[in-house]
Amino acid sequence: MLPANEIQTRLERVLLKVQKPGRYVGGEYNQIIKPWESVRTRVALVFPDIYDLGLPNLGLAILYNELNQRPDVLAERAYAPWLDMETMMRQHGIPLYSLESKHALADFDIVGFSLPYENLYTNTLNLLDLANIPLFSSERNETHPLIIAGGHATYNPEPMADFIDVFVIGEGEEVIHEIVDTYQSWKSNGGARADLLIALSQLDGLYVPTLYEPEYKEDGTIARIKKLNDTAPLPVRKRILGRLPEPTWRFLVPNIDVVHNRVAIEIMRGCTRGCRFCHAGIITRPVRERPPEQIINTIRKALEYTGYEEVALLSLSSSDYSHILELVNRISKELTDYPNLSISLPSLRIETVSLDILEKLRGSKSGGFTLAPEAATDRMRNIINKPISTEQLLETTDAIYRRGWTTVKLYFMIGHPSETLEDVMAIADVCKTVLAQGRKIMGRRAALHVGISTFVPKAHTPFQWTACDNPEVIESKQRLLKRELKGPNLKLNWTDPQETLMEAWLSRGDRRMGRVVFEAWKRGAKFDAWHDQFNFDAWQEAFQSCGLDQNFYTHRLRTLDEIFPWDHISIGVRKSYLLQEYQRSQRSLLREDCRNQCYACGILPEFNQLRRLYPGDHWKCPEVTSPISG
Amino acid sequence: MKRIRIHYSKLEHLRYTSHLDVQKIWERSLRRARLPLAYSQGFHPQPRLNQACPLPLGVTSRDEIIDVWLDCDILSVAKVLDMLQKALPDGIQIHQINEIPLNEPSPDNLVVAAEYEITLLENLPLSELERRVTELVSAQSIIRTRREKQYDLRPLIEEISLSKEPNQSVQKLRLRLSARPGATGRADEVLSALGLDATSACIERTRLIFQESLSLGQKTLQRKD
């Protein structure tokens, strides 16, 4: 590979020819550079989208610090170059390199990709190509880095199974060290690449796709997943931590503006609400909380180490964090030496208490107050298991305007199973009522932003059996909303139905989808997450060239006994529980928050031993003697 | 309230950071140093910082100036320097730091010229370069268009010379360009006028020249390099 100093020299000749060259040089405050020869193992961490989005990513920040704490390891970073820079790199023969030492990615021992969403798949291929690393794992040998990937879009790893050597299913903080240890002992023994993969497959939470092979029925569904090696585990169980470790406080501070210039602290992992459309809420179970003391200390330390003035306290449902009131009280009382500090707390419940919480944080009211009711009729709310009455929603929005926020932001989702135009009309109605409330309170200053996303059935959720709503129907629902919701101070956003389709076929794709991803990439698909770059035609042609039917993945109602391409990946929540939830949804039956009462999703028996190793009340499953079923 | 003037270098990768983003770097560095930044009044209070003489993206500098207002009376400049050193990112080096009167005029109003040293990455024969420089110097006017406006570059070039270092493999160009309000020459424009690709040269601003020497106040602290 091109040596680092030559990469540096070539870079100097191209950087002033591209937009925002600061994306490509590193040098951030808190960056860690170790002498290349001083360590045994070198890891490159890659976020397959541009620097501006990748730098603030919390997952990679955690792994960067975990790995660099080890004296025997160095971890450096790479992101996707924007189109102008990619062109320059290819023209000048600059391979994908790490920002810290400017080494080619192919010179690292391990390259890890963060895949939080499916529309980063083609970028992953593009980056391997830009790094001169063979795309298919079958074409790589001992001279190539080990390619690993993790993140929410790898809980169904099959669409990327051809390209990734090892998937990390679940939480990476512990297992990343085990991967490095295993790699080191393999390397010192000088074994074959296959030996390394087999050794890694023995670690809890790792999935090595080459050790498994799906067999298909004539109708294209899975007949069974075959093990190709006796020692390979089946199913592969996700990895979790019994207790959340001390949060990262050493954040990289960029020298250019990025999307989030802030400290991010996860206050809680997992969710007990059980919204049936929600992928994150199911795959991140069980709920584990961090103590308020630790969060406050981390905020202090992180502010000191970064100079930031903004802190985001992250979780899937902030209001459900048991110590939420204590936490905000302490922040407002104890962090007074930061007069311009702003703290954001996303995902608050639709109730007036949420306003009290945000007011305590002294945040600016100019940004608006965000709520996510997701649906506007009781029927729909029961189906998706997110029961918030219209009265409660209106009471909350009324209070928001009354207390001085001028903008309410509401998020809804269309295309839920069995949704009708009446259900969508109800969204328009409730939005109009909300804006009318605001106008009554503060006149024409009152504003409403409405975000309408489209439901995509996801693997490992109660809706994994359902078919997507037809694109024509989605378009007519969007037309209805666009017609009904216009006027001054009313902003409406929606997602492109074609982009929704792509997310849909990738989310529940099988291993044959890998060929489609490859063919789409070959036809120019990349930056699929960017509306102006999304190339639907490339994907259409890719499906044709592979002889696969999109509708099979998107618009097919699965039978209840179908074996799914991801069934050999266990997230701890049983498939039978998801099925029960699916059937309850069809009968409009709600499932309560499981924080007080266990409904036997499967997490507890699966991780019982781990829970015993980490006693205490941070783990929020209730103590059970005999769970209620049905 | 105290007003502190910092003279520093902006080097290496920071040449890819814009003037506006450098402001953010200082804000964050000062906060990391736990220095009590003074804020402007109003609905959106902003930290009181003033970077003199904006540097174009892509240019390094050995003579940058920033004025910082601090909400305190007792801190010594030595203490300020000490607190700041650890908090700065790579690529920023402080040369000198002094307390100046609160009513001191901004350096922007006093600057008259700036000197540059340019390392050329394209390899043109020295004789050819010399010919182009001579031609440029003897021209009466050099009309160029920037942002759809025409202007004459020639009067903005106060001095230009090619370095005659024994090491011929590195060609260096030295410039002194006018930097008065409304009459500021750009080094990249001079390179273009010489038929050179400004994006493949390393431009460094080596010195700012003022009509009278800048106030150094009583409590100057100079770094020994």
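In this predicted model, the domain assignment of chain A gives domain 1, residues 4–237, and domain 2, which is made of residues 262–363 together with 600–630. Taken over C-alpha atoms, the centres of domain 1 and domain 2 of chain A are separated by 29 Å. Where these two domains touch, 4 residues of domain 1 of chain A are in contact with 6 residues of domain 2 of chain A. On the domain 1 side of that contact there are 2 nonpolar residues, 2 polar residues and no charged ones.

The next topic is the nonpolar core. The largest nonpolar core has 182 residues, and those that touch the most other members are A:L105, A:A131, A:I148, A:I164, A:V166, A:V263 and A:F412. Both domain 1 (4–237) and domain 2 (262–363 + 600–630) of chain A give residues to this core, so the core lies between them. Another core, of 19 residues, lies apart from the largest one and includes B:Y116, B:L153, B:L175 and B:L208.

Within chain A, helix α10 spans residues 324–334, and its buried residues are A:I324, A:L327, A:V328 and A:I331. On the face of α10(A) turned away from the buried side are the exposed residues A:K333 and A:E334.

Chain A meets chain B through 19 residues from chain A and 19 residues from chain B. The chain A side of this contact divides into 8 nonpolar, 7 polar and 4 charged residues.

Chain B has 225 residues, of which 29% count as buried. Its secondary structure comes to 4 helices and 12 strands, and its C-alpha atoms fill a box of roughly 60 × 35 × 30 Å along the principal axes. Among the contacts in chain B between residues at least 6 apart in sequence, 76% join residues at least 24 apart.

The domain assignment of chain B gives domain 1, made of 2–103 and 214–222, and domain 2, which runs over 111–210. The centres of these two domains of chain B, taken over C-alpha atoms, are 29 Å apart. The contact between them involves 10 residues of domain 1 of chain B and 12 residues of domain 2 of chain B. Those on the domain 1 side are 5 nonpolar, 3 polar and 2 charged.

B:A179 is placed in strand β9, residues 171–180. Is B:A179 buried or exposed? B:A179 counts as buried because it has 21 C-beta neighbours inside 10 Å, where the cut-off is 20 or more. Not counting residues up to four places away in sequence, B:A179 touches B:C53, B:V111, B:V112, B:A113, B:A114 and B:T184. B:A179 and B:L208 are 29 residues apart in sequence, and their C-alpha atoms are 8.6 Å apart in space. B:L208 is among the residues of the 19-residue core described above.

Conventions:
Residues numbered from 1 in each chain as written. Chains lettered and ligands numbered in written order. Predicted model: local features only at pLDDT ≥ 70, side-chain atom pairs only at ≥ 80, totals over all residues. Helix = DSSP H or I, 4+ residues; strand = E, 2+ residues; numbered from the N terminus. Buried ≥ 20, exposed ≤ 12 C-beta atoms within 10 Å, placed from the backbone. Contact = placed C-beta atoms within 7 Å. Nonpolar A, V, L, I, M, F, W, Y, C, P; charged D, E, K, R; others polar. Domains from an automatic or database assignment. Core = buried A, V, L, I, M, F, W, Y, C linked by C-beta atoms within 7 Å.
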